[in-house]
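Grab a pencil and work through the exercises below. Try each task before you read its solution.

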Amino acid sequence: MGSSKSQSTTTMKNIPVYAEEFVKSYLLRSNDIAFNAEFDSYFTTYTGETYAPMLANELDGINKLATRGRSGSLEVAKGNTVITNVMDGVYLSGATVDFQAMLTKATTKPSNTFETQIRNLLGGSLYLMGDSSNENQAFVLTAPIAARYNDRALASMYETNYRAERDNQSRVLPEAIDYANESIKDAEWLRKAGLYYRVWLQGSYEDSYKKFYEGEILSVNRVEVLGNSIRALVGTQRKTTAPFYRPSPIMGMATMGMAGAALGAALALPTGGLSVLAGALIGGGAGGIFGLFS
Amino acid sequence: MGKGAGSSNQTVTTSLLPDYAQPYVEAYLTKMTELSNLGYATYPGVTYAEQNTNELDGITALATRGRNGSLLVTKGKTLLQNVLDGLKFNINPKIDTAFSKRAESIVKEFEEDTLPRLNQRFNLTNNFASDSHHWAQSKAAESVMAKLQDFGMDSYFKDYLSERLLQINSLTDARQYGEQEVTDAEILRSAGELDREWQHGKLEDIYKKWRDEIERIVKRLEILGNGVRSIVGAHIQETSPFYRPSAISQIAGLALAGAGMFAMVRGMGVNPQSMAPPTQAAPNNSLVPQSFNMGGGF
């Protein structure tokens, strides 16, 4: 109120005077690079390949892995069937084709041998040597023998087979777990095949994006050459302009008036030429005028 | 500032470098400027190694193995598949011969040893061709049948059980052989990946060289830029306005002091006792102080 204000400016430089020319040169050259057409060729996008494509071997390998994962293994499938049949007791009864075929051979061979090579030797010589009867009792007596022994053998083999298959059932139990895990492995391989391809594809997307971004940011990067030089200069100078308040002229006039009045009164008394009041008035007036223009 | 007041600038300089460093700083900046104007040559040499024959052949061999698999593994697989399919049951080509040979020895023993001994025994006792002779021959034949049956079981049934055991035991191998397909696929894929990685590295190398080429003007400029940045803050010079009272104000102040001194010399000093409150009403010329006091009158 009544006071007047103006501005004061403080300047601070953070670089030596002798370095200023270098700084200006740096700024000027940055500006040229940023805006001069002479440098256009330095700010172009890269047109070459930056991401290698998948080659046939890799693709085929991934496809093989995927096929294996999706379709499984023939050997594993067959092993799986065997384990399933064993666990299901398919072999316990001895009804399988292979077992029956074996039984046939195991019984036919001995009985054929017996019938054709042993029984024919019985009784015949006795008849020739003195047996007047026409009856070959030895031959007759051995007629049911082959069948009887076959029955015994079959019973024995069925029973032994049953025990063996029970052993097998027990034996395949740990293997069954590993086979059960094969489907998990298949799934993992299939997933892995997909992952391999996806990782490559992701890389190609990122590469494409990087190129696109570089193209988009190209003009900004160019201007940033100048931006960098400007940033280098930030802080090299500080100029502060702030309001400055000084007393108002009226206050100066009043102050000087009062000082003048005091001086006038003080001088009037000893000189005697003027009254104290006149001295004070004259002094006050002169002081006020000085204060107004000081 | 007011009209009459005097004002000027004051400059405070703080150098964070010793004075004797100035020539070096100038030399440094000059040299950096020179260097920034020189050509920034890109590296002319090879920066990416070519694949050598061993590496290439190795990758090719890996790919071939992965693509075609192994002959041994293929054969093993065929064998395992046959075993698991039960194709090995009852096909032992030697078993029939073995049985025949064993049967032959039994038949021969029966014919050449057992029957003649029986005949001789019954002949000596005049029971030749008797019922008991027939019965004895039939019992001897029965024991032959028992032997033949044992041989039959021993040959064919044991072979079957042995094959069944092999079938069960091959389960572990079947899994491992089944996983060979994965090994092959991974080998083939790895071979491709090794190739691709090398190709990718080469593309990146070419790209790096291209970047190096197009960025060289900026790199050159930044040689000077670094020089500039290194001296920022090495020196602080602060210039600020300095205000002083106007000459008139100084003269007025000086005059007041002189007048005061003059009044004191002329006996017009202020009596401190006069500061006590007046005991009677002030006279008409109350503007004149009883005792004038510069410090308290106004």
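Before we start, one definition: a residue is buried if 20 or more other C-beta atoms lie within 10 Å of its own, and exposed if 12 or fewer do, with C-beta atoms placed from the backbone. Keep in mind, too, that this is a predicted model.

**Exercise 1. Get to know chain B.**
Work out which elements chain B has, and what share of its residues count as buried.

*Solution.* Start by sorting the elements: chain B has eight helices and two strands. Next, walk along from the N terminus, and you read β-α-α-α-α-α-α-α-β-α. Now apply the burial cut-off: 23% of the 298 residues of chain B count as buried. Finally, look at the contacts in chain B with a separation of 6 or more: 83% of them join residues 24 or more positions apart.

**Exercise 2. Decide how far to trust it.**
Find the average pLDDT of chain B, and the stretch where the pLDDT is below 50.

*Solution.* Chain B averages a pLDDT of 84, and 82% of its residues score at least 70. The stretch to watch is residues 269-298 of chain B, where the pLDDT is below 50. In the model, that stretch has 22 contacts beyond near neighbours in sequence. Where pLDDT is low, the predicted coordinates should not be read in detail. For the complex, the predictor gives an ipTM of 0.73 and a pTM of 0.72.

**Exercise 3. Look at where the chains touch.**

*Solution.* Count each side: 109 residues come from chain A and 109 residues from chain B. On the side of chain A that touches chain B, helix H7 (residues 145-233) of chain A gives the most, with 20 residues. Sort that side of chain A by type and you get 61 nonpolar, 29 polar and 19 charged residues.

**Exercise 4. Find the largest nonpolar core.**
Which residues of the largest nonpolar core touch the most other members, and which elements supply it?

*Solution.* This core has 28 residues, and the ones touching the most other members are Met102(A), Ala106(A), Val144(B), Met145(B), Leu148(B) and Phe157(B). Now trace the elements that give two or more residues: from chain A, helix H4 (97-118), helix H6 (137-141) and H7, and from chain B, helix H4 (95-124) and helix H5 (131-178). The largest share, nine residues, comes from H5(B). There's also another core apart from this one, with 17 residues, among them Val23(A), Ile33(A), Val228(B) and Ile231(B).

Zoom in on Ala106(A). Leaving out residues up to four places away in sequence, Ala106(A) touches Ala153(A) and Met157(A), plus Gly152(B), Met153(B), Tyr156(B) and Phe157(B).

**Exercise 5. Buried or exposed?**
Use the cut-offs to classify Thr104(A) and Arg68(A).

*Solution.* Take Thr104(A), which is found in helix H4 of chain A. Thr104(A) has 12 C-beta neighbours inside 10 Å, so it counts as exposed.

Then try Arg68(A), in helix H2 (residues 56-71) of chain A. Arg68(A) is buried because 24 other C-beta atoms lie within 10 Å. Not counting residues up to four places away in sequence, Arg68(A) touches Ser73(A), Trp189(A), Glu181(B), Val182(B) and Ala185(B).

**Exercise 6. Check a helix length.**
What should helix H3 (residues 74-88) of chain A span at 1.5 Å a residue?

*Solution.* The 15 residues of H3(A) should span 21 Å, and its end C-alpha atoms are 21 Å apart, which agrees. Among the buried residues of H3(A) are Val76(A), Val82(A), Ile83(A) and Val86(A). Their cover includes H7 of chain A together with H3 and H5 of chain B. Just after H3(A), Gly89(A) takes a positive phi of about 75 degrees.

**Exercise 7. Compare two asparagines.**
Where are Asn90(B) and Asn126(B), and is each one buried or exposed?

*Solution.* Most residues other than glycine have a negative phi. Yet Asn90(B) has a positive phi of about 60 degrees, and Asn126(B) has one of about 55 degrees. Asn90(B) is in the loop between helix H3 (71-85) and H4 of chain B, while Asn126(B) lies in the loop between H4 and H5 of chain B. Asn126(B) has 7, so it is exposed.

How values were computed. Residues are numbered from 1 along each chain as its sequence is written. Chains are lettered from A and ligands numbered from 1 in the order in which they are written. This is a predicted model: local features need pLDDT of at least 70, side-chain atom pairs count only at pLDDT 80 or more; totals for chains, interfaces and linings use all residues. Two residues are in contact if their C-beta atoms, placed from the backbone, lie within 7 Å. Helices (H or I, at least four residues) and strands (E, at least two) are DSSP runs, numbered from the N terminus. Ala, Val, Leu, Ile, Met, Phe, Trp, Tyr, Cys and Pro count as nonpolar, Asp, Glu, Lys and Arg as charged, and the others, Gly among them, as polar. pLDDT is the predictor's confidence in each residue, from 0 to 100. A nonpolar core is a set of buried Ala, Val, Leu, Ile, Met, Phe, Trp, Tyr and Cys residues joined through C-beta atoms within 7 Å. The expected span of a helix is 1.5 Å times one less than its number of residues.
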